Each structure stands twice: as C-alpha cells, then as structure tokens.
Amino acid sequence: MQLSTHFTLEELISSSTARQHGIKNTPSPEQIENLKLLCNNILEPIREKLNTPLYISSGFRCEKLNSLIGGSKYSQHLYAQAADIQIFNKSLTNKDLFDCIVSMVKSGEITIGQCIWEGGTDECPNWCHVSLPYKKTNQILRMHQVYDKHLGKYRNTYEDLTSLYL
C-alpha cells in the first residue's frame, strides 16, 4: 500500500526483529492514517529537500515488538507517529539529515513533535528519529547512553537542544 509518493506501508512496518520472532507488526486502520500523516507531512518534505531517498530503520511498532527491542512504553512508534530514518547517499551523512530537519523546522517548512539525534558520535548520529506533533512540538533532542551502576546497564538520557537550534 502506498502511503505517500515515495513511502509504502511495507517499509514503515518492516522489522527484521519481528520476522525473526514471528511477530505480526500490523497497524490498525487508525495507525495507517497516522503513517500517512507522518509520510506526507514530514518524510516527503525532508526527502524532497534533500533530493535523496530516506531509509526507514523503524516506523510503526506493535507493543510486542516495541517491548522486545526495549523501546519506551510511551514511544510514538506504538501509535504509528514516528520513524527512525537514515541516509545512504555517499555525498550526504546522517548529520546532514539532522541539520536539514532542524533547518526545515526553524523555517516553518515542517512541524514535528521531536527530532532526536540518536547514537553515533559527536560528529554524526547513527539515525534521526522524527515524529508527528503530539505532546511536544518542534523539540530537538540528543540521545546519550549512560551507564547506570544501580541498574547495571546502559540507559538512554535526552539532552534538550531546542533553544540551541531554534
């Protein structure tokens, strides 16, 4: 099913983890409508601005899949309102993608919920998370993994960069 000019339902629900574990990652009709909004209002304008395809590493996640991968129980992926995106273009980087999203938000070309620099280094994220506006509007964040000695594992913390960028 085509959700927008360049994005299909299949790529917004595809998950190798779901396939490996036999999880049916199937959105409801309401969630499909959310994916259409995400694609048409955020992903298509970004793709058009960069003039290059975007790779969706994670779109909609059913509860079972989200839990299995350790996603937040409040994740907008659960409601088909978010996507983790990357660029595979030798002349562009995921930093270029992040900068493009921030620039488009700043200029009013798109309105988002959040844009999150996820993983990677200080120079370039591994991917960018973008979401539809919900509880937050035009929030720019950077995810950091910190070791929690009390839990004995790494956990994600978020640095709000909104005032720095916008």
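Start by selecting Tyr 165: at 25% relative accessibility this residue counts as partly exposed (buried means under 20% relative accessible area, exposed over 50%, partly exposed in between, with a 1.4 Å probe and protein chains only). The model is predicted, so local features need pLDDT of at least 70 and side-chain atom pairs count only at pLDDT 80 or more, while totals for chains, interfaces and linings use all residues. Residues are numbered from 1 along each chain as its sequence is written, and side-chain values use heavy atoms, with hydrogens and water left out.

**Aromatic rings**

Rings of Phe, Tyr and Trp (its six-membered ring) pair if their centres lie within 6.5 Å; planes under 30 degrees apart count as stacked, over 60 as edge-to-face and the rest as tilted. Because Phe 98 lies in helix α5 and Tyr 165 in helix α6 (residues 162–165), the pair ties together parts that are 67 residues apart in sequence. Helices (H or I, at least four residues) and strands (E, at least two) are DSSP runs, numbered from the N terminus. Phe 98 is buried at 0% relative accessibility.

Next, select Tyr 147 and Tyr 154. They also form an edge-to-face pair, at 5.2 Å centre to centre and 70° between the planes. Tyr 147 is partly exposed at 49% relative accessibility, and Tyr 154 is exposed at 55%. The count of aromatic pairs comes to four.

**The sheet**

Switch to a cartoon view and colour the strands. An open sheet of six strands runs in the order β1-β2-β4-β3-β5-β6, with mixed pairing. Two strands pair if DSSP finds at least two bridges between them. At the edges are β1 (55–58) and β6 (153–160), each of which pairs on one side only. Neighbouring strands of this sheet are turned by 35° against each other on average, direction ignored.

Now select residues 114–118 and 127–131. These are β3 and β4, which pair in the antiparallel sense over four bridges. One place to look is Glu 118, whose bridge partner in β4 is Trp 127.

Show helix α5 (residues 94–107) as well. This helix lies across β2 (82–86), β3, β4 and β5 (139–148), and runs at about 25° to β4. Axes are lines fitted to C-alpha atoms, for helices over the stretch in contact, and angles run from 0 to 180 degrees between N-to-C directions.

Which cysteine sulfur is nearest to that of Cys 100? The count of disulfides (pairs of cysteine sulfur atoms within 2.5 Å) is zero. For Cys 100, the nearest cysteine sulfur is that of Cys 128, 9.7 Å away. Cys 100 is buried at 9% relative accessibility. For Cys 128, the nearest cysteine sulfur is that of Cys 115, at 5.1 Å. Cys 128 is buried, with a relative accessible area of 0%.

**Asn 66**

Finish at Asn 66, in helix α4 (residues 63–68). This residue is buried, with a relative accessible area of 2%. Its side chain reaches the backbone oxygen of Ser 72 at 2.8 Å. Beyond its neighbours within four places in sequence, Asn 66 is in contact (heavy atoms within 4.5 Å) with Arg 61, Gly 71, Ser 72, Lys 73, Ser 75 and Leu 78.

Note on methods:
Polar contact = N/O pair within 3.5 Å; in protein donor to acceptor, adjacent residues only side chain to side chain.
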